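Work through the exercises below with the sequence and structure at hand. Each task is followed by a stepwise solution.

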Amino acid sequence: MLGEKMPQTYANHSRIVPLFHFAVFGLLVVNLLYRLYVVVRYFGWGTLIDALLAVALVLFASSVRTFDTRLQDRIIRLEMRLRLARLLPPDLHPRIHELRPGQLIALRFAPDAEVPGLVDEIFAGRLTKSSEIKQRIKTWEPDYFRV
């Protein structure tokens, strides 16, 4: 039905925002290429300033994307530490801080019932990469708010 979200899985959980990734960023890159062409073809202080501004706009757009995902990662790390304190046995609580940010973010997609087993495997060294953790999840918990 219209408005329903597609079920999220490991295969489709990464997010592309067409308006940003293709329209905004794409137009900024096209503008940059054109401004570089103009500065090479018709060099002058005005064309050089235009090219530098185009570079700055592309860097700004990249930074905005990086800033929002890093902030969201920090929030997810906090959320997961609180969740792990609730789900893990007390003897593992002192080890929660050993989990790397990527591991915490990957665990976000696991349901409560699977989290303790996945954490045991991480601490045992059998799971290290976030992709391995995500692939091991049996029942995917979607995160439709991820940027």
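**Exercise 1: Fold and burial**

From the N terminus on, the chain's elements run α-α-α-α-α. This is a predicted model, in which local features need pLDDT of at least 70, side-chain atom pairs count only at pLDDT 80 or more, and totals for chains, interfaces and linings use all residues. Residues are numbered from 1 along each chain as its sequence is written, and side-chain values use heavy atoms, with hydrogens and water left out.

Task: state how many helices and strands the chain has, and what share of its residues is buried.

Step 1. There are 5 helices and 0 strands, taken as DSSP runs (helices H or I, at least four residues; strands E, at least two) numbered from the N terminus.
Step 2. Of the 147 residues, 31% are buried (under 20% relative accessible area; exposed is over 50%, partly exposed in between; 1.4 Å probe, protein chains only).

**Exercise 2: A helix pair**

Task: describe how α2 and α4 are oriented, and name residues where they meet.

Step 1. The axes of α2 (residues 45–87) and α4 (residues 115–123) come within 10 Å and cross at roughly 105°. Axes are lines fitted to C-alpha atoms, for helices over the stretch in contact, and angles run from 0 to 180 degrees between N-to-C directions.
Step 2. α2 is therefore roughly perpendicular to α4 (65 to 115 degrees; under 35 is roughly parallel, over 145 roughly antiparallel, the rest oblique).
Step 3. R83, L84 and L87 of α2 meet V115, P116 and V119 of α4, contact being heavy atoms within 4.5 Å.
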